[in-house]
Amino acid sequence: MDQQEKPTQFTAEDIEKNKVISALAYIIFFLPLIVCADSPFGKFHANQGLLLLITGVAGSVILSFIPVLGWLLLPLFSLAILIIAILGLIHTLNGKAKELPVIGKYRIIKNE
């Protein structure tokens, strides 16, 4: 799936001012919602971080209940989640608003 960048939603000032806090959303998703609550760029990455957290937790729980095959796939799944988080972090620090692969198109936190 093609990752879409959303440059029209965010001002250059918003991106430059909030990109470090927004990058931390991939570690602690709600941090941009507290520190820069009025930033659309921060909200976008907080949403991406929340989607990543939900996917990681749900996938880990599901795979841990599946005997043998699930236990073998769990480390690969965890590695994939880590790689996607690093990808999101790198895009954010570069000032880009790219959706995460597969899960990034969903919106839980609205930008208004």
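Guide: Contact here means heavy atoms within 4.5 Å. The model is predicted.

Visitor: What does Leu51 touch?

Guide: Setting aside residues up to four places away in sequence, Leu51 touches Ile103, Gly104, Tyr106 and Ile108.

Visitor: Which residues make up the largest nonpolar core?

Guide: The largest nonpolar core has eight residues: Tyr26, Leu51, Leu52, Ile81, Ile84, Ala85, Leu100 and Ile103. Two or more of these residues come from each of H3 and helix H4 (69-93). H4 gives the most to this core, with three residues. Apart from this core lies another, of five residues, and Phe10, Phe41, Phe44 and Ala97 are among them.

Visitor: What makes a set of residues a nonpolar core?

Guide: The residues have to be buried, of a nonpolar kind such as Leu or Ile, and joined through side-chain atoms within 4.5 Å.

Visitor: How many aromatic pairs are there?

Guide: The count comes to three aromatic pairs.

Visitor: Why is the pair of Phe10 and Phe41 called what it is?

Guide: Ring centres must lie within 6.5 Å, and planes over 60 degrees apart count as edge-to-face. For Phe10 and Phe41 the centres are 5.5 Å apart and the planes stand at 80°, so the pair is edge-to-face.

Visitor: Which parts does the pair of Phe10 and Phe41 tie together?

Guide: Phe10 lies in the segment before helix H1 (12-23), while Phe41 belongs to helix H3 (residues 40-65), so the pair ties together parts that are 31 residues apart in sequence. Phe10 and Phe41 are both buried. Ring pairs also link Phe10, Phe41 and Phe44 into a cluster.

Visitor: What makes Phe29 and Phe30 an aromatic pair, and of which kind?

Guide: The distance from centre to centre is 5.6 Å and the angle between the planes is 90°, which is edge-to-face. Phe29 has 23% relative accessibility and therefore counts as partly exposed. Phe30 has a relative accessible area of 41%, so Phe30 is partly exposed.

Visitor: How many salt bridges does a search of the whole structure find?

Guide: The search finds two salt bridges.

Visitor: How do you know that Lys19 forms a salt bridge with Glu16?

Guide: The cut-off is 4 Å between a side-chain nitrogen of Lys or Arg and a carboxyl oxygen of Asp or Glu. In Lys19 and Glu16 the closest N and O atoms are 3.6 Å apart, and the two form a salt bridge. Both residues lie in helix H1, three residues apart, about one turn of the helix.

Visitor: Is Lys19 buried or exposed, and which is Glu16?

Guide: The limit for buried is under 20%. Lys19 has 19% relative accessibility, so Lys19 counts as buried. Glu16 is at 53% relative accessibility and therefore counts as exposed.

Visitor: Which residues is Lys19 in contact with?

Guide: Leaving out neighbours within four places in sequence, Lys19 is in contact with Phe41, Thr92, Leu93 and Gly95. From Lys19 to Gly42 the C-alpha to C-alpha distance is 7.4 Å, and the two are 23 residues apart in sequence.

Visitor: What meets in a salt bridge with Arg107?

Guide: The side chain of Glu99 does, at 2.8 Å from N to O. Glu99, at 9% relative accessibility, therefore counts as buried. Arg107 is at 30% relative accessibility, so Arg107 counts as partly exposed.

Definitions and conventions: Residues numbered from 1 in each chain as written. Predicted model: local features only at pLDDT ≥ 70, side-chain atom pairs only at ≥ 80, totals over all residues. Heavy atoms only, no water. Phe/Tyr/Trp six-rings, centres within 6.5 Å; stacked < 30°, edge-to-face > 60°. Helix = DSSP H or I, 4+ residues; strand = E, 2+ residues; numbered from the N terminus. Buried < 20%, exposed > 50% of the residue type's maximum accessible area, 1.4 Å probe, protein only.
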